[in-house]
Amino acid sequence: MNNLKDVVLMMIMSLLASCNTTSNNTQKLTGINPVSYTDVTYISEKDTVIVSTYSGRIAKRIKGDEKEEVLAQINDEIYSLAYSEKTNEIIASTLASGVLILDAKSQNIKRRLTTGESWINNIQLSADGKYLMGYNGKGENFVWDIYTNYERMIYPESFTGGLIRFGKSNKLYHSYYDKMVIWNLENHTITTQKMNQGRLVDVDDANNKLLIHRNKFTIQSAAGDTTKTMSKKHPDWPYYESGKDTIYRIPIQMELTVGCFAKNTICTGGFDRSIRFWNKTTGDLEGELLTHRATISSIKVSKDQNQMVSVDLKGGIHFTDIN
């Protein structure tokens, strides 16, 4: 890098090439992102996952195998995936077809769930696999009970509003300005907490929350004390120059797109194409993954929380063993 102009130019080119396409319009993106992996989810204890693309492909990927096995081709864009182990179903959230439920063995579509006036960008299962949840582009929340044939659940009249951001241990966490509204699905009780600025991306087994806001992540305690938090940023942008097979460390903190808890680790990734691993207790940076060549679109952790899988917007995938 000879001067600042070179750095700025490369930043602009990088952002244009790997922009995370999650806008609220309905213009299809398959023409410019046919191979982008939009989501990934485990279908086994570890080492085996399914991935989705903007071009409607659902494929199986296995650690150590460079080839994918195509399971289904949907005539629609796919934004998010889930897998129900109990029913052996693949669940895909699409642009125009609602949420599709596929038989994992035959790959046939078994049913379609409607999603109101817009699509759901991110679907998730509760910890026990009983509930499927998400919210659409108009801010409408959806919760389906998989065990009762995907019956849609009705929110309590006392619910104060907010968007579903995450479900954990049969609790739905909603963001609502500076508050977090938590609905317990089993006893239908509602509690509220103060909330730090950011988007909720994960909740650990102790109910600590992981928030992302622009270029930083924040850990908020289970009790919701906004004064006792820990915030961190990626220390730099490890820019990869393919012609020289060299990584340049640029002192810029770019926007984060994903984050999750593991057993003793926090994993974060974003526009800088890197994934960083942080000590969950101290916040110390303990490692990094620099092999992705596009924006990180999704990361997931295995059931034993000792493995992480990550995918990007150029179809890259990596399995990483973590502590």
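Predicted model: local features only at pLDDT ≥ 70, side-chain atom pairs only at ≥ 80, totals over all residues.
I started at Ile74, which touches Ser55, Gly56, Ile58, Leu100, Leu102 and Ile109, leaving aside residues up to four places away in sequence; contact means heavy atoms within 4.5 Å. Residues are numbered from 1 along each chain as its sequence is written, and side-chain values use heavy atoms, with hydrogens and water left out.

Next I looked up the cores. Ile74 is among the residues with the most contacts inside the largest nonpolar core, which has 13 residues. (Such a core is a set of buried Ala, Val, Leu, Ile, Met, Phe, Trp, Tyr and Cys residues joined through side-chain atoms within 4.5 Å; buried means under 20% relative accessible area, exposed over 50%, partly exposed in between, with a 1.4 Å probe and protein chains only.) Strand 5 (78–84) is one of the elements giving two or more residues to this core, and its share, three residues, is the largest. Strands here are DSSP runs of E, at least two residues, numbered from the N terminus.

Then I turned to His234. Where does His234 sit? I found His234 in the loop between strand 20 (229–233) and strand 21 (237–241). His234 is buried, at a relative accessible area of 2%. Its side chain makes a polar contact of 3.5 Å with that of Ser274 (a pair of N or O atoms within 3.5 Å; within protein, one must be able to donate a hydrogen and the other to accept it, and residues adjacent in sequence count only if both atoms are side-chain atoms).

Methods. Helix = DSSP H or I, 4+ residues; strand = E, 2+ residues; numbered from the N terminus.
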